[in-house]
Amino acid sequence: MENVVDIKRLTKRFGDFTALNQVDFSVKKGEVFGFIGPNGAGKSTTIRILLGILKATEGQATIFGKDVWSDSMEIHKRIAYVPGDVNLWPNLTGGEVIDLFAKLRGERQTKQREDLLQRYKLDPTKKCRTYSKGNRQKVALVSALLSEADLYIFDEPTSGLDPLMEQTFQEDVRNLREEGKSVLLSSHILSEVEKLCDRVGIIRDGTIIEQGSLEELRHLTRHHVLLETTSNLDGLDDVEGVHDVSRDGNTYRFQVNAEQMDQVIKFASQYSIQKFESAPPTLEDLFMRHYEGTDEVVE
Amino acid sequence: MNELFKRSFQLFKLMIRRDRIRASIWIFALTFFTLIIPSSFQSLYPDQQDRDAMAVTMENPAMVAMVGKGDLDNYTIGAMSAHQMVLITALFVGIMSILLFVRHTRSDEEEGRVELIRALPVGRLATIHAATMYVILVNVVLAVLLAIGFILQPIESLGIEGSLLYGATLGGAGICFVAIAALFTQLSDSSRGATGWSIGLLLFFYVLRAIGDIGNETLSLFSPLGWTMQTMIFTENHWWPIFLMLAFSFVVLLLAYRLNAKRDLEAGLFPSKPGKAHASKSLLSPFGLAFRLQRTAFISWAVGMLLLGVSYGSVLGDLDSFFQGNEMVEKILVQEEGYSIAEQFISIIMTIMAMIATIPAVISINKLNSEEKKSRLELLYAKSVSRKTMLVSYLSVAVINAIVTVVLAGTGLWAAGSTVMDDPVSFGSIVGASAAYIPAMFVMIGLSALLIGLKPNVLSLTWVYLVYSFIVVYMGNLFQLDEWFSNVTPFGHVSQLPVDDFEAIPFLVLIGLAVILVVAGLKFYSKRDIQG
Ligand SMILES: Nc1ncnc2c1ncn2[C@@H]1O[C@H](COP(=O)(O)OP(=O)(O)OP(=O)(O)O)[C@@H](O)[C@H]1O
Ligand SMILES: [Mg+2]
C-alpha cells in the first residue's frame, strides 16, 4: 500500500536541545494512524514539521510523495489540520472564520456546512472572543471536515470537547476512513486512539519506540490472565514468561508474555481449570510500559 | 517564487476587514491634526514679520533638537508648518506603522493564528507580505489625504508640489518603519519584543538626528527621521529623501522576507536561553512576580533613558558654538531670561524626557490589565492573593520605574554635560530638575490605576492623555496656546528647573491628586468582576 506520509530519520533541534531524534514512521493510504506519547515527547513538533512551519534539521519528510518544506503549497491543498489549542480572531464570528479558511483553501462553500454546524451544535454568528475553548476547537474541526482533503492531521483535536461531541468526532473520523481518506491523529485519549486507529506509533523523548498495528504491538507486551482451579498450582511462578503472580484462594492473577502463552496453557491444563480468562493488554498498558521507560507493567 | 506569496491578497483583505475602525482612526487623527496647522499659523502669525520673529526663536538649539532644522530665511506659512510638524508627525506615523504591522504578524503568530493559516495552501510569505502591503496602503492613503488636504487649503505658500511632497514624506517615513518592524518581527520571538525594539530604534533615530542637527550634520543623514527634514517642504522641495526612504525600505524588507522564509514559525533569531528550575525568593510574592514579568522591559527602558540623557547632554557643549555669529539670537535668549542657553535647553529637554519616561511607567501599570485579558489573573486570585495586594504590587513597580527612569535620564544628561561643558551645571540642579517631574508622572500612573478599577476597556485614555500632554507642551512652545491647554495636564504644572524656581504647592497638589486617583482605583478594582 502506498504511503501518504513518509518520515525518514527526521531530526529537529531547537538550539542544542534535540526535540526529535531520527524519527521514522509512515501513514498508509486509507488508514487512521494514532500518534501517542507523553507530554513533550515531540508529537506537535513532528506535526508542525509535516505542515512545513518548522524546518527539519536533518532527515526527510514527505506527504503524497512531496517534500513537506519545499512543496508545502501543493501538499496543503490536499490536507486539513486541527490543532489542540485553537485561537481565533476575537472580532470575527465563527462563521466568518470558516468561510475564510474555505476561501484560503480555494474551495467553494458546500451545503454540508449547515449540517456540520448542526452536528457540532455550533452557533456561527457568535464572535470568536465569546466562544469557549471547546467551541473554538469546533470551528477548526468543522472547517477541516468541510474541506475536500485527502489527509487529515489532528493534534489533540478533542482536548476541549465534551463526551458527546467527542463521539460525534469519532463517527466523523470513521466516515473519513470509509471514504478512503487518511488520518494522522495525535491524542492523549487512549481509548479514542484504540477505537479509531488501524496503526499506532509511540514516541518518547523524540524517538519512536514502537510502531505497528494494535495487534502487533500487543504481541510485545503481556496479557492479563485470571485462572481459577480446584487445587494449588505449584510451580506457576517458575513457568517461563509468567510475571506478577497474585493469589486469592484458588484464584490466580498473573501476566504472561504473549509469546509464552502456549507454555502457560500447557502447564495449567495439568490441573482442573474452572475458569480461564485472558485479556489482551490495553493500549494504556502498552503506553504505560513505555511511559515508565521500563519493561514492568504498571498495575 | 510566486508560490511563496500565494493568497496574500485574501489575507490582505482580512487585515483591512479586521482593522477598518482602528486604521481609520489613525488616518483621521493624523490627517486632522496635520491639516489644521497652516490655518492656525495663519491666524497666529499673519505677517511675515511675525513669522520671521518666530524663525529667530526657532534657532534655539533646544528647538532644533526637538523639531529639526528648517528653512528659516524663507519662513512662509508652508515652510513653518512643515518645519515644525513633519518630524513630530513622522514619529507618530512610525509608531502607527509599527503597531499595525506587529499586530498582524508577530501577535497573530504568538496566538497560534498564523499556524492555522499556514496549514492551508497559503504561501510561506503570505502573512508578512499581506501585512506589509496593508500597512503600506494605510501610509499611502494617509499620504494622499494629506496632499489633497494641503492642496485644497487657500493659503498661498502651500504649493502643489510641496503638498505632494508633504504627503510623500510622511508616507515614506511610515513605510521605513513598516520595514523596520518587519525586520524586528523576524528577530524577536514575541510581539512585545518586536514592538519594543522597533520603537526603540525609532527613538534612537530621533535622537541621532537631534545630535546631528546640533553638532555633526552628517549624523542626521543616517537617520530616516533625519531624511524627513531634508525634504525642505514648501520651500526647496527636495524629492531625493523620498527615494532614499523607498530604497531603504525595499532593502530592509527584502532582508526581512528572506529571514521570514527561512525561520521556523514562532521562533525568533535572537537566542532565548533556558531558565532556572526553581523560583528565586524574590519572585515569590505578587510584587516579585509583577517585577519579574517586566524586568527585561524595565532594564531596557532604564538603559534607554540613560542613553537618551547622555545624548542630549553631549550636545550641551556645542550650544555656544552653535550661536557664534548669531548675536541677535544670543541677545534675545540670554539677556531676557538671565540664564545660560544650556540651562534653558535643559529645562525644555527635561520635559520631553519626563514624558518619554512616563511611557514605561504607564506600560507597567497597564500590564495588570493585559494579564487579566490573557486570563492569567484568575490563577492568582484563586489563591489567597487579594486584589488590593495585586494592584498595589503593580503600582509599586510602576512608581519605582517612573523614579528610576526619569532620574537616570537626568543623571545621563548631567554626566555627559559635565564632560563637554566649560562651565558645568551641578548634579543636584539637573537631577532635581528631573525629579520635579515625578509627581506629574505619578498622576498618569494614578489615572491608569483608576481606569483599571473603573473601566478597563477605556484604559487607552491614559495614552490619549499622555499624547495630549506631549502635544500641548510641544505646541505650547510653538503656538501661543491658551494657558488652560497646559493647565489640564499635570506636566503643565511642573516647575521647569533650573530656569524656574521650585514651587512646592503644585508639587504637593500633584502628589495628592495621584493618591486620590490610586485610592479610588483600589476601591473600584476590589469591587468589579475580573474577566479572567
Ligand atoms: N521552539 C522551541 N524551542 C525549544 N524547545 C522546543 C520548542 N518547541 C518545542 N520544544 C520542545 O520540544 C519538545 C517536544 O515538544 P512537542 O510540543 O512536540 O511535544 P508534544 O509531544 O506535542 O507534547 P504534548 O503532549 O504536551 O502536546 C518539548 O520538550 C518542548 O519543550
Ligand atoms: Mg502537543
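Predicted model: local features only at pLDDT ≥ 70, side-chain atom pairs only at ≥ 80, totals over all residues.
Next I looked up the secondary structure, and chain B came out with 23 helices and 0 strands. I then checked the overall size. The radius of gyration of chain B is 24 Å, close to the 24 Å from the globule rule for 532 residues, so chain B is as compact as a globular protein of that length. Along the principal axes, its C-alpha atoms fill a box of roughly 65 × 60 × 40 Å.

I found an accessible area of about 22700 Å² for chain B, with 65% of it belonging to carbon and sulfur atoms. Of the 532 residues in chain B, 54% are buried.

I also counted charges. Chain B carries 36 positive and 39 negative side chains, and I noted 22 Å between the centres of the two sets.

Then the inside. Which residues have the most contacts within the largest nonpolar core? They are Tyr312(B), Phe345(B) and Phe491(B), in a core of 208 residues. Leaving out residues up to four places away in sequence, Phe345(B) touches Pro61(B), Ala62(B), Ala65(B) and Ile214(B), along with Tyr312(B), Val315(B), Leu316(B) and Leu319(B).

Last entry: a second, separate core has 32 residues, including Ile7(A), Leu51(A), Ile63(A) and Ile203(A).

Notes. Residues numbered from 1 in each chain as written. Chains lettered and ligands numbered in written order. Heavy atoms only, no water. Helix = DSSP H or I, 4+ residues; strand = E, 2+ residues; numbered from the N terminus. Rg over C-alpha atoms; globule rule 2.2 N^0.38 Å. Buried < 20%, exposed > 50% of the residue type's maximum accessible area, 1.4 Å probe, protein only. Areas by Shrake-Rupley, 256 points an atom, 1.4 Å probe, with all protein chains shown as cover. Lys, Arg positive; Asp, Glu negative; His and termini not counted. Charge placed at Lys NZ, Arg CZ, Asp CG, Glu CD. Core = buried A, V, L, I, M, F, W, Y, C linked by side-chain atoms within 4.5 Å. Contact = heavy atoms within 4.5 Å.
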